[in-house]
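Here is a short briefing for a first look. Start with the view below, then take the topics one by one.

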Amino acid sequence: MTKQTLAVRPLNGDDAARLSAFFRALSPDALSLFTPHSISPEALERICRETVDMTHTARLAAVSDDRIVGYGILDELYRPVPILSLGILDAYAGCGIGKMLLNAMLDWARSRDYVLACAAVPPRNVRAHRLLQHDGFYQVGNAMNGDMLFMYNLVPQSAESLTCWEPVAISYTARSGKPYMLRSLREDDGAKLDAFFHSMSPASIAFFTPHRLDRASLDTLCRDTQHDPMDDRFVAVWTVDGEERVIGYVFLRLLDEVVTSVGIGVADEAQGEGIGRVMLTFLKSRARTHGKHVLRLITHSTNYKAQKLYKTCGFEQYGTATNGELLMFCPL
């Protein structure tokens, strides 16, 4: 096959017979790896008829001599990260169709201002793994159905050096009426941050251990935080007996990457005061200031209270990270 005989185009309303022939031509093994939806004649007729409405799903076909030889789908377009899948006829494997179709799907997503795309692939689909990794996808964990979850950055990572930002200090009132402040982490906060982690119950520490917690490491973290343009760290504090006490700790990490990671913890004594929601809302605004479009968060699978908060703040679950914890994304 030559490139001149192949075109990648959107699926259209007249493609039902071609799409049916495509699925009939797939080997049983290929069909077991790629059956993205019902393939009954009625379902294919409906899919081709409704494919012009790309609110939820975009469908592309690789066509050679009026025959569909590759079929690609970008699904869940209403979520912060669309999910792509593709299938190629066995007889055309190795002809470069997969790469052409994949690149066309990525270009389509990029043209709609998505910054990430993901692919969920069965573990035994080694050919798909190789294609994705060769084109810049990287594994981040597993999808909810056990498939391997790969991510792709649709926009280049920032090559510009980030500048240090001016310190932040914002006053709030907790649900109980107690005043507190959300402010930038300071160089001399090592002792306060150490007391924060020591005040947390073993269960809370199990859910939130974002880095080394020994005093020397915390002192170093606080000392370096004002000079590290890649991380943006803040604490929530209220005053007890005339002394500031850290009751919340939140940060943005990897600001030089396309997707910034979020970390958040609230002291046991301050839970239920609405402080976690305030910190997450602040971080979303802060990330927009940094020019970010999507936030990433990893949380323990049994941390149900936190998951409820994250979901009400706009985070959506995509699967599990490589460490087994839940992987969530939030659009900005």
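A residue is called buried when its relative accessible area is under 20%. The model is predicted. In helix 9, the buried residues are Ile 275, Gly 276, Met 279, Leu 280, Phe 282, Leu 283, Lys 284, Arg 286 and Ala 287.

**Helix 9**
- Helix 9 covers residues 275–289, which makes 15 residues.
- At 1.5 Å a residue, helix 9 should span 21 Å, and its end C-alpha atoms are 21 Å apart, so the two values agree.
- Gly 291 follows helix 9 and has a positive phi, near 80 degrees.

**Nonpolar cores**
- The largest nonpolar core has 46 residues.
- Leu 193, Phe 196, Tyr 249, Tyr 310 and Phe 315 touch the most other members of that core.
- Leaving out residues up to four places away in sequence, Phe 315 touches Val 262, Leu 280, Leu 295, Leu 297, Tyr 310, Met 328, Phe 329 and Cys 330.
- Another core, of 44 residues, lies apart from the largest one. Its members include Leu 44, Ile 88, Leu 106 and Tyr 114.

- Strand 10 (residues 232–240) and strand 11 (residues 243–253) run antiparallel, joined by 9 bridges.
- Asp 232 stands opposite Leu 252 of strand 11.
- The hairpin of strand 10 and strand 11 has 2 residues between the strands. In its turn, Asp 241 has a positive phi of about 55 degrees.
- Strand 11 is also antiparallel to strand 12 (residues 260–266), with 6 bridges between them.
- Val 250 has Ile 264 in strand 12 as its bridge partner.
- The hairpin of strand 11 and strand 12 has 6 residues between the strands, and there Leu 254 takes a positive phi near 60 degrees.

**Aromatic pairs**
- The count of aromatic pairs is 15.
- Phe 197 and Tyr 249 pair edge-to-face, at 6.0 Å centre to centre and 85 degrees between the planes.
- Phe 197 lies in helix 6 (residues 190–199) and Tyr 249 in strand 11, so this pair ties together parts 52 residues apart in sequence.
- Tyr 249 counts as buried because its relative accessibility is 0%.
- Phe 208 and Tyr 249 are also edge-to-face, at 6.1 Å centre to centre and 70 degrees between the planes.
- Phe 208 sits in the loop between helix 7 and helix 8, so its pair with Tyr 249 in strand 11 links parts 41 residues apart in sequence.
- Ring pairs link Phe 196, Phe 197, Phe 208, Tyr 249 and Phe 251 into a cluster.

**Charges over rings**
- The charged end of Arg 79 sits over the ring of Tyr 318, 4.0 Å from its centre.
- Lys 178 lies over the face of Trp 238, 4.1 Å from the ring centre.

Methods. Residues numbered from 1 in each chain as written. Predicted model: local features only at pLDDT ≥ 70, side-chain atom pairs only at ≥ 80, totals over all residues. Heavy atoms only, no water. Core = buried A, V, L, I, M, F, W, Y, C linked by side-chain atoms within 4.5 Å. Buried < 20%, exposed > 50% of the residue type's maximum accessible area, 1.4 Å probe, protein only. Contact = heavy atoms within 4.5 Å. Pairing = 2+ DSSP bridges. Helix = DSSP H or I, 4+ residues; strand = E, 2+ residues; numbered from the N terminus. Expected span 1.5 Å × (residues − 1). Phe/Tyr/Trp six-rings, centres within 6.5 Å; stacked < 30°, edge-to-face > 60°. Lys NZ or Arg CZ within 6 Å of the ring centre and 35° of its normal.
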